[in-house]
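Open the model in your viewer and keep the sequence panel beside it. The tour goes from one selection to the next and says what is found at each stop.

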Amino acid sequence: MQSGKIPDTSISASSSFDAKSVGPHNARIRTETNGGAWCPKPQVAEGITEWLEIDLGELKVITAVETQGRFGNGQGMEYATNFRLQYQRADGGKWLDYRNKRSEPLFSGNKNTHIAVLSDVKPPIIARRVRFIPHSRYKRTVCMRVEVYGCPWKDGIVSYSMHQGDSRGSEVDLYDITYDGDVKDSFLSGGLGQLIDWDEGIDNFRLDMDSVGKKGYEWVGWKNDTVARQPVVITFEFDHVRNFSMILLHCNNLFSKGVSVFRMARVYFSVGGKYYNSEPVEYEYMVDVVMQMARWVHIPIPNHIGRFIRLELYFENRWILLSEVRINSTIVTSNVTEETAPVIPPSPAPSGDRNGKKTGMLNNGIYEQMSADGTTSGRGHKTQRNGSGHGDMKSEAGTVKALDDTYVGIIIGAVAALVLLCGIIFVFVFRRQRKKYKGSPHKLFGTNHMNFNLDDLTPAMANGKLSNGNMYNSIATMDEKEAMREKLNSNDVYREPVDGIQHRTLPVPPGDYSDKDYTVPPDLSKYSALVVNLPPNPIFHSTNPVRETSPSPPPPTPPPPPHFRITDVTNIQGLMGNSIYALPSGDIWQGENMSVIECPRENLQFIERLGEGQFGEVHLCEAVRVEDFLGEDFLESGMRSLLVAVKTLRDDAGQQARCVLVVTHVGLDQYCSNTYTCN
C-alpha cells in the first residue's frame, strides 16, 4: 500500500464519510494525503460492519498486516482499537472470516493516531482479496490506514478436499482446525487449512510447543479403522492448468505410537476435475523402523499436466499423520482440453439397483473413471514402472476402487463358512478314526511304537523266527533233523552251548496213543509253526557253555513224537495276532483227561520279547526246574528246562480281556484241558 504497487482502483470500501478527503484511496499507511485516512460513514459498534477492501490482483500469501489511525497533521483523533479480517480466494467466491491458531477472530488495533501496530497473520492467508473490518464494543468514530505484507502464492493451490482428521484419546485432536472451507459429515471441501500453513510439526505430536492450548495442533491424522482401511484421499485444486514435477509431504514416523509414513501413494491427474483418465503415478515408500523423527517425503511426478490432483495414501501402520504439503509446478500457457467421459462397452447382462441405475460387469476393457467427489464408473488396471529417485514408481491406467462394505461382508462370511466347514470335516474324520481305533493300546496320533507283521519280515521262513541259525515258530522237517545230527556229529572245534535251546525237545503230552492211527503228512512245512523249532534230541544238559574238541557220544533216542493225519490238523490264530499255527484237530484230544498245569513265575527266565498283541505282550521264556511242577512222567532223561511262550496282560486289562486271552483270542478253548499256564 505505501509503495503504491496497489493502485487506487484496487482499493474500495463499504462507505466513506467523505469520498474525496477520507475515501478508501487515502488508507495508505504512513501517508498524509487529503484527510489522512479512510473513515467509514457510520460509527462502528456491535452488529455494524464496515470494511476496507484491497484487491491484490492475484493469489498472495499474507503473513502480516499493519494498521494506523488518522493523524491529519495533528488534527485527527480517530483510530480502531480492534479489527477483523476477511478474505476471498477466487473471483466470485465466498468471503471467509480469518481465525488464528487459537480460533480467535480479533486483532489488536491502535491506541493512538500516529503509532502503527504490526500484527502477524498465523496461519497465513492465501487470498486474492482481503478486507479490514474495524470493531468496537461501543459506538465510536474510527479511521484506518493499513498495510499488507506477503508474497506471491507460487504453488497455485486454491483448495483441497478430504475427510476430517481423527481424535487420539481425550487430549490429542488431530483435526484440521483452521480449515476455512465447507464441513459436512466430517468431509472437508472447498478450502485450505493446516496442510498449507508452513507450520511443520515436531516429532512428538503429543506436545504443545506453540502454547496454543491444543496438543498436536500442527498435525492432521487419520487412523485406518476410521476410514475402513481405505487409503486417505486428498484432492487438490489449482488456479491454472499446471505442469507438475514434485509432491513434498511432511510426515510423522513415531512408529512406537502406531504412526508411520504411508506405505504407498498413488497420484492421479485431471484437467477438468471430473474424470481422471490419465495414467496415475504410484510411489512406494520403504518403511523406517529405526528413526522416529518426522521427515519430508518427495514424490516425483515429472511431466504430468492437470488442474486437479487426487492423492491416495495407503496405511503402513495404524495412523498416518501429515503436517505440510508442497506441490511444485509451473503454469501451462498452451491450451489443454478437458477430459471427456470414456466410452464404456455395454455389459452382456446389466443389472440394476433399487433406483434403476445400471451397473456394468467387470471387464478388462472397462476403465474406472473417478470424478472430483470420488465417484467412479467402470474399472480396469494397467501398471508399469517408471522414474527413479525416492522409491519405485508405477503407473496404472484407471484406478483401483476399494471394495464396498457389502462385498467385504460377503467375502468375510464366505471365508468364515469355509473355515467352519473344514472344522466340521476335521472333527468328523477325527471322531471316526477315534472310534475305529477305540480300545487299541496304541495312540491315534504321536505313537512311538511301530506295528509290523512278523510274517512279512521273513516270508520265506513260513512264519519262522531265526535264532542262532534256527527258526522258531515252525515245524522241523526230516531234512532239517538229519542236517542237525550231521552237524552235531562233526569234528568242528566250536560247539553250541550245552544248554542251548537247539538241543531240546518239547515234552510229549501224557496219554496213550497206541490205539490211535496217526499218519505223518507228506510235508508239514506248509503249515504255520508251533511255538519253537527244536531238534528232536537233547545233546547236553549242563548249564554252562563248553567248547568241545572231540565229538560227544550220541544222545539217547527219545520216544517218537505223535503224528497227526493231515485231515486232523487245524489252522488257528496264534498269540502274535497275525501268525497262523498248525494244531491237531480237536477230536484228537477229546476224551483225554488232561489237567491244566500251573508254572510258578519264579521258574521262568526271560529270554526274548517276541511281540505284542491287543491286550499284552508275548515273550519267549525258559521254564527251569520243571521237575518241581511237571513231575517225572513229563520229563525225559536229564530234561530239567523247557521253552515256553508267555503272554502277559496289561495292567488295565479287565476280566473280559483275560477270558479272551485264555480262550477266545488264543483259540484253544477246546484244548484248555492240556494247556500250561504261568502265574
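Start by selecting residues 616-624, which make up strand β31. Nine bridges join β31 to β32, and the two strands run antiparallel. To look at one of these pairings, pick glutamate 617: its bridge partner in β32 is threonine 648. Bear in mind throughout that this is a predicted model.

Now widen the selection to the whole sheet. Three strands form it, in the order β30-β31-β32, and the sheet is open, with antiparallel pairing. Which strands are at the edges? They are β30, residues 604-612, and β32, residues 641-649, each of which pairs on one side only. From one strand to the next, the twist averages 25°.

Next, go to the largest nonpolar core, which has 41 residues. Select Phe236, Leu249, Phe262 and Ile309, the members that touch the most others in this core. Several strands give two or more residues to the core, including β2 (52-68), β8 (157-163), β15 (264-270), β17 (295-314) and β18 (319-331). The largest share comes from β14, with eight residues; β14 spans residues 232-251.

Stay in this region and centre the view on phenylalanine 262. Leaving aside residues up to four places away in sequence, phenylalanine 262 touches Leu249, Cys251, Tyr283, Tyr285, Val297, Ile299, Leu313, Tyr314, Glu316 and Ile320. Another core, of 27 residues, lies apart from the largest one. To find this other core, select Ile6, Ile11, Ala27 and Leu96, which are among its residues.

The next stop is histidine 135, in strand β6, which covers residues 117-135. Is histidine 135 buried or exposed? Histidine 135 counts as buried because its relative accessible area is 17%, and the cut-off for buried is under 20%. Show what surrounds this side chain: not counting residues up to four places away in sequence, histidine 135 touches Val44, Glu46, Thr81, Asn82, Phe83 and Leu106. Take glutamate 46 from that list: glutamate 46 and histidine 135 are 89 residues apart in sequence, while their C-alpha atoms are 7.4 Å apart in space.

Finish by colouring the protein by pLDDT. The mean is 74, and 60% of the residues reach 70 or more. Select residues 441-447, where pLDDT is below 50 and the model has 11 contacts beyond near neighbours in sequence. Then select residues 561-592: pLDDT stays under 50 here too, and this stretch has 97 contacts beyond four places in sequence.

Technical notes
Residues numbered from 1 in each chain as written. Predicted model: local features only at pLDDT ≥ 70, side-chain atom pairs only at ≥ 80, totals over all residues. Heavy atoms only, no water. pLDDT = per-residue confidence, 0-100. Contact = heavy atoms within 4.5 Å. Helix = DSSP H or I, 4+ residues; strand = E, 2+ residues; numbered from the N terminus. Buried < 20%, exposed > 50% of the residue type's maximum accessible area, 1.4 Å probe, protein only. Pairing = 2+ DSSP bridges. Axes fitted to C-alpha atoms, helices over the stretch in contact; angles between N-to-C directions. Core = buried A, V, L, I, M, F, W, Y, C linked by side-chain atoms within 4.5 Å.
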